[in-house]
Amino acid sequence: MASSDRIPNSAATTTDESATSRRLLSRRTVLGGVAGLAALGGIAACTQPETLVPEEAANIGGDDLLPPETAPPEIPNDPPVVTGSFISQKMAGRETKWAMSRPNGVTGELPVVIVAHALNTNERSIFGKGLNIQGVVQQYVDAGNPPFAVASVDVGRNYFHARTDGADGAAMIIDEFIPMLDKSEELNLRTDRIGLYGWSMGGYGALRIGALIGAPRVAAIAASSPAMWGDPNNFPPRAFDSYFDYQANSLFGQQSAFSKIPVLLSIGMADQFYTYTRQWAADLHPPAAFSTTPGGHTNRFWRSVLPEQIEFLGRNLAR
């Protein structure tokens, strides 16, 4: 059963560090807007030569390894953020926490953007001072734009697919969290058409969830610095349990699933995942909106592009 309460403030903020990219570019590009249909059901396996993942994959670092939060982030409470939890069978029976915010001055049923969080963060992180998505949405609504709510749920380090520990973050969101939001009279949300947002690990997660649910139910996806591991022989076990797990859950080779879902990809020029993300986006037809500016895999970059992403999600939700 779900329960709800207000998030208290605390004195800690999310640590923000940058990482060096494998490739630097010196211009901003936008590759146009997209609308795309994602096939219902699972994502087909990529076709790759059957080779073994090298043992050194366990030692791969990467921008997705954000510094762990040592204390709950301080949450600006205007607009207010509501929290709750439920027991998730899709997360191997564990208590799973969630958080949600509606803009001030708005009544009635609202559409919702589902947020997929980064590695070493949780359901509260998107609402903390570092990103403050609820404040960005409030500014968007105060400017006269159609309102929507934002909701996030904790998947731990799951990486949004079925793992050997029995947990599956994507299945939890699709089969448990979204239906819970829809049924709650207190939250007063509609989920027949949703937006998806994610950053880092959650950028990959938002894209994968979008492919699983499909259009027209997914109105749009905005992904910041998605953790896209493009080499089937060079990925960390935190992302995939095995070479075959990579084959089953990598989004490389699955770009056709986004042919009718509007996608916005935002990534800094100094981000480790820039090259993989650019390579993946090149096979989207029609192309995604692809924006890049100076910056790394940091809260500073993600916060700088959030207004553009909120506008993108809101515009497509209102259609």
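**Close-up views of a predicted model**

**View 1. Where helix 2 meets helix 3.** On the helix 2 side, Ala 170, Ile 173, Ile 174 and Ile 178 make the contact, and their partners in helix 3 are Arg 208, Ile 209, Leu 212 and Ile 213.

**View 2. How the two helices cross.** Helix 2 covers residues 169-183 and helix 3 covers residues 201-213; their axes come within 9 Å and cross at roughly 60 degrees. That angle is why the pair counts as oblique. As for handedness, helix 2 and helix 3 make a right-handed crossing.

View 3. Leu 265 has a relative accessibility of 1%, so it counts as buried, the cut-off being under 20%. Setting aside neighbours within four places in sequence, Leu 265 touches Leu 207, Ala 223, Pro 226, Thr 277, Trp 280, Ala 281, Leu 284, Ala 288, Ala 289, Phe 290 and Ser 291. Ser 225 sits 40 residues away from Leu 265 along the chain, yet their C-alpha atoms are 7.4 Å apart.

**View 4. Zooming back out for context.** The whole protein has six helices and nine strands. It runs to 319 residues, 58% of which count as buried. Take the contacts between residues at least 6 apart in sequence: 80% of them link residues at least 24 apart.

Note on methods: Residues are numbered from 1 along each chain as its sequence is written. This is a predicted model: local features need pLDDT of at least 70, side-chain atom pairs count only at pLDDT 80 or more; totals for chains, interfaces and linings use all residues. Side-chain values use heavy atoms; hydrogens and water are left out. Axes are lines fitted to C-alpha atoms, for helices over the stretch in contact, and angles run from 0 to 180 degrees between N-to-C directions. Helices (H or I, at least four residues) and strands (E, at least two) are DSSP runs, numbered from the N terminus. Angles under 35 degrees count as roughly parallel, over 145 as roughly antiparallel, 65 to 115 as roughly perpendicular and the rest as oblique. A crossing is left-handed if the near helix is turned anticlockwise from the far one by less than a right angle, and right-handed if clockwise. Contact means heavy atoms within 4.5 Å. Buried means under 20% relative accessible area, exposed over 50%, partly exposed in between (1.4 Å probe, protein chains only).
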